[in-house]
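Thanks for making time this morning. I would like to walk you through a handful of places in one model, so please keep the display in view while I talk.

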Amino acid sequence: MLCWVLFLDKTEPTISITVVGASGDLAKRKIFPALFVLFYEDHLPKHFTIYGYARSKLTDEELRNMISKTLTCRIDKWGNCSDKRDQFLQRCFYHSGQYNSEENFSELDIKLKEKEVGRLPNRLFFLSIPPNIFVDVVRCVSRCTSSATGWTRVIVEKPFGRDLESSREMTKSLQQYLTEGQIFRIDHYLGKELVENLSVLRFSNLVFEPLWSRTYIRNVQLIFLEDFGTEGRGGYFDSYGIIRDIMQNHLLQMLALFAMETPVSLDAEDIRNEKVKVLRSMRPLQLDDVIIGQYKGHIKGGKSYPAYTDDPTVPKDSLTATFSALALFIDNARWDGVPFLMKAGKALHTRRAEIRVQFRHVPGNLFKTNFGTDLDKATNELVIRVQPDEAIYLKINNKIPGLGMRIDRSKLNLLYATRYSNAIPDAYERLLLDAIKGEHRLFIRSDELDAAWALFTPLLKDLEEKKTVPELYPYGSRGPIGAHYLAAKHNVRWGDLSEENPEVSSYIPIHRMVE
Ligand code: NDP
Ligand code: BG6
C-alpha cells in the first residue's frame, strides 16, 4: 500500500463532491442523477469521490440504495447503463453529521483525505439544504473541510434571502468564510439549453441583433406556467410566493440575458457586467402594474383539484400569490418604452416556459386590406420555448398557395426534437460541470442578486403591507382575468393565449378589455 502511495502523482487532481442535505428531495431528484450522467459521459475527472452528508443516519449502502432508485438513466438506451450505475454507486459514500458541528465536518475531512491520498485534492460542496443553515455549513466547511492545496467551491441553492436586506445579510455572512470566486449561486434556469442559447441566437445571427430594440420590438413576454400546485412544498412556498419563487430569479435572469448589450467577451465577468446594467436600469415596479392570484379548488371531469389553502401546511387565510403578472420597463436607450410582461403561475391549464417577442407592424403595409384594421394581429412573433418541447419559431405572414391573394400566419419552426438527435441535458448537469470547471458564467454574482432584490423588494413590501388580496382562479384554468387587463393596459395580448385559441384574442377587442 505504502509503495503504491509513493508512486502516485501528487499533481494529478482528484475531486471530492459533497452533497450536503443528501437525504433531501433535490439531492435525490436532481443532483445525484446529474452527477451520474456526468460520470456516464466521462465529464467527471478520472479520480473522484462523492459524499452525501446529512443528519439522517444512513450507511454507505443505504445511501446507494436510496439514490439508485432515481438514477433512472435518461441515457438508458445507450446500453451498459446498469454497469455504469454500479461503478458510479461504488464511488458514493455517506457521512452523517449535524450542519453546525465543526467536529462532524472534521470527521468528514478525515474520510475525504483517505480517498484523496497522494493526489491534488479539489473539493466541491453542494448545499442542498434550507437557507437558514447555509452559513453554519459554510463556516464548518471553511474551517474544517476545505482543501489545503487544491480549490474549494460551494454551490448554493436558492432562495438567497427573501428581500434585499436578508439577501445582503446572507451575502455578507457567506463572504466571511468564502471569497466571491468560491461561491456558485445557482439559478437552474440559466442551465437550461434554450436559455444558454439566447446569446448564440442574438449575437451570431445577423437577422436578429439589428432588430433587438425598441425600434422594432413592440413588447417582450416572459412566461412560466405549471399545471400542478404547490403540493408537498406549501410550507416553503407560503413564506415566499410566486414572485420570489420564479419572477425575481428565473424570469428576471432570462430577461437580463435577453435585454443585455453585447458583452466584451464570453467571459463570465463580461456577461455578468452586462446583466447587472440591465437590472440596474429597470424602472421601479409600480403596484398598479402588478396583479396577483391564488388558485382555488375545482372539480373537472369528476376529479377534484385542491385549493392552495387546502394544503395542511398553508394557513387557511393565506394571501400568498400562486400567480402573478407584471409589467416591467428598462429605462435605457435600447428598450425605452417597451413593456416586458412577466407571467408566472402554478396550478394552471398547462406547463410551459417561454419568451415571446412581438414585433411592430410593417409601416405602410401593402397587404393591410388582408389583415383588417388591427395590424398588430399580423405582426411577426419570435417564440423561444424553453420547455417542454424545446423550440424556436418565428411567426410570419405567408401567401396561401393558389391563384388568389390569401395570407395566413405560418411558423418557421426549429423544433429541437426533430432537428437534433442528442438528448437535451438537464440544467443541473450543465451547472455542476461548470462549477467543477470553475466557470461562473451561469451563476449569479452578488451584485446581480442585489440588483434583482432591489427591484422587487419595494413591491413585495407594498403588497404585504397593504395585505393585497389575490384574485382567485380555478385550479387548471388559464389564471386570473386581471392578467388580461394588465396586458391590455400596455396594449399587449398574451401570445400564449392567442396562439392556443386565436378566437379568444379576437373576440375580446382590446378596447373592451380596458373598460
Ligand atoms: P429538503 O427540505 O428536502 O431538505 C434537504 C435536507 O435538509 C433534508 O433531507 C434534511 O436532511 C435537511 N433539513 C430539512 N429541513 C431542515 C431543517 N429545518 N433544519 C436542518 N436540516 C433540515 O429540501 P430540498 O431537497 O427540497 O431542497 C434543498 C434546497 O434546494 C432548499 O434550499 C430548497 O429551497 C432549494 N430548492 C429545491 C428545489 C426542489 O425542487 N426541491 C428547487 C429549487 C430550490 P436531514 O434531516 O437528513 O439532515
Ligand atoms: C424552482 C421553484 O426554482 O423551479 C419551483 O422553486 C418550480 O417552484 C421549479 O416548480 C421549476 O423548475 P423546472 O425546471 O421544473 O421548470
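R445 counts as buried, because its relative accessibility is 11% and the cut-off for that word is under 20%. Please bear in mind throughout that what you see is a predicted model. If we set aside the neighbours within four places in sequence, R445 is in contact with E180, R185, E269, R272, N273 and V276.

The side chain of R64 makes a polar contact of 3.1 Å with the side chain of E61, and, not counting residues up to four places away in sequence, R64 touches L89, Q90, C92 and F93.

Let me turn to the ligand. Which residues are around ligand 2? They are K158, H188, Y189, K192, E226, R233, Y236, D245, H250, K346 and Q387. For three of these I can give you polar distances to an oxygen atom of the ligand. For K158, an N or O atom of the side chain is 2.6 Å from an oxygen of ligand 2; for K192, a polar side-chain atom likewise lies 2.6 Å from a ligand oxygen; and for Q387, the distance from a side-chain N or O atom to an oxygen of ligand 2 is 2.7 Å. Taken alone, ligand 2 exposes 400 Å², and the protein buries 83% of that.

The peptide bond from K158 to P159 is cis, with omega near 5°, and P159 lies in the loop that runs between strand 5, residues 152-156, and helix 7, residues 164-177. The peptide bond from Q387 to P388 is cis as well, with omega near -15°, and P388 is placed in the loop between strand 14, residues 381-387, and strand 15.

That loop between strand 14 and strand 15 also holds D389, whose phi is near 50°, a positive value in a residue other than glycine. D389 is exposed, with a relative accessible area of 53%. Elsewhere, D42 has a positive phi too, near 60°; D42 is found in the loop between helix 2, residues 25-40, and strand 2, residues 48-54, and at 60% relative accessibility D42 counts as exposed.

Now to strand 15 itself, residues 391-399, where we find K399. Is K399 buried, exposed or partly exposed? K399 is partly exposed, because its relative accessible area of 34% falls between the cut-offs of 20% and 50%. A polar atom of the K399 side chain lies 2.8 Å from the backbone oxygen of G402, and, leaving out residues up to four places away, K399 touches G404, M405, R406 and I407. The C-alpha atoms of K399 and S410, which are eleven residues apart along the chain, are separated by 9.3 Å.

Together with L366 and F367, M405 makes a nonpolar surface patch of about 330 Å². L366 lies in the loop between strand 13, residues 352-359, and helix 12, residues 368-371, and L366 is exposed, with a relative accessible area of 75%.

Conventions:
Residues are numbered from 1 along each chain as its sequence is written. Chains are lettered from A and ligands numbered from 1 in the order in which they are written. This is a predicted model: local features need pLDDT of at least 70, side-chain atom pairs count only at pLDDT 80 or more; totals for chains, interfaces and linings use all residues. Side-chain values use heavy atoms; hydrogens and water are left out. Patches are made of residues with over 30% relative accessible area and no salt bridge: like charges are joined within 9 Å, nonpolar side chains (Val, Leu, Ile, Met, Phe, Trp, Tyr) within 5 Å. Accessible areas come from the Shrake-Rupley method with a 1.4 Å probe; for residues, only the protein chains shown count as cover. A salt bridge is a side-chain nitrogen of Lys or Arg within 4 Å of a carboxyl oxygen of Asp or Glu. Helices (H or I, at least four residues) and strands (E, at least two) are DSSP runs, numbered from the N terminus. Buried means under 20% relative accessible area, exposed over 50%, partly exposed in between (1.4 Å probe, protein chains only). A residue is near a molecule or strand if one of its heavy atoms lies within 4 Å of it. A polar contact is a pair of N or O atoms within 3.5 Å; within protein, one must be able to donate a hydrogen and the other to accept it, and residues adjacent in sequence count only if both atoms are side-chain atoms. Contact means heavy atoms within 4.5 Å.
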